[in-house]
Amino acid sequence: MLVMDNPETTDPLPVHDQLSWLTRGIELSCIIVAVALVSVQATFIHANIRFTFGPLRWLIATPQFHHWHHAADREGIDKNFAVHLPIIDWLFGTFYLPTGRWPQKYGLSDGKRLPEWFTLQFLYPFRRRQD
Ligand SMILES: [Zn+2]
C-alpha cells in the first residue's frame, strides 16, 4: 500500500516527496542521465537526417524508422510505435522499414486538416466520426 501522507503528522507530504515513491532506490544522477538520453533520443528520431545507420537501424529507433511512424503514406499507417527499440514493433507486427525509402507524405492520411487551436487538436481524436 502506498502511503502518501506523512506518518508523523497529519499534513500531506510535499509534492517532491510524494513523487519519490516512483523513483525509490534509484540514484538521482541515474534519473538525470536517463532523462537526458531520452530527450536526445526524442530529438534524434525526429531529425531530418537521411543517413540510414547501417545495421544499427534494426537495433535502435532511427530517424528513418520513426519517420514511417508519422507517414501519411498508406504503407506507413499504424507502424513503428516503438520509441527506442524496433524489436518491440517486430514482436507486435507493426515494424516497417523499407530499405532506402522514406515516406512521401506526413501527417493525417484522410486529407482533413487539424484545428489550429491546441485544445481542439487535443480533442480531435475524440470527435464523432463523419464517414
Ligand atoms: Zn514522433
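The term pLDDT denotes the predictor's confidence in each residue, on a scale from 0 to 100. For the protein, the average pLDDT is 85, and 83% of the residues score at least 70. The structure is a predicted model, in which local features need pLDDT of at least 70 and side-chain atom pairs count only at pLDDT 80 or more, whereas totals for chains, interfaces and linings use all residues. Residues are numbered from 1 along each chain as its sequence is written.

The protein contains five helices and zero strands, where helices (H or I, at least four residues) and strands (E, at least two) are DSSP runs numbered from the N terminus. Confidence is lowest in helix α1 (residues 15-19), with a mean of 63, and highest in helix α4 (residues 87-92), with a mean of 97. Of the 131 residues, 11% are buried; a residue is buried if 20 or more other C-beta atoms, placed from the backbone, lie within 10 Å of its own, exposed if 12 or fewer do, and partly exposed in between.

Most residues other than glycine have a negative phi. Phenylalanine 53 counts as partly exposed because it has 15 C-beta neighbours inside 10 Å. Asparagine 80, likewise not a glycine, has a positive phi of about 55° and is found in the loop between α3 and α4. Asparagine 80 counts as buried, because 23 C-beta neighbours lie inside 10 Å.
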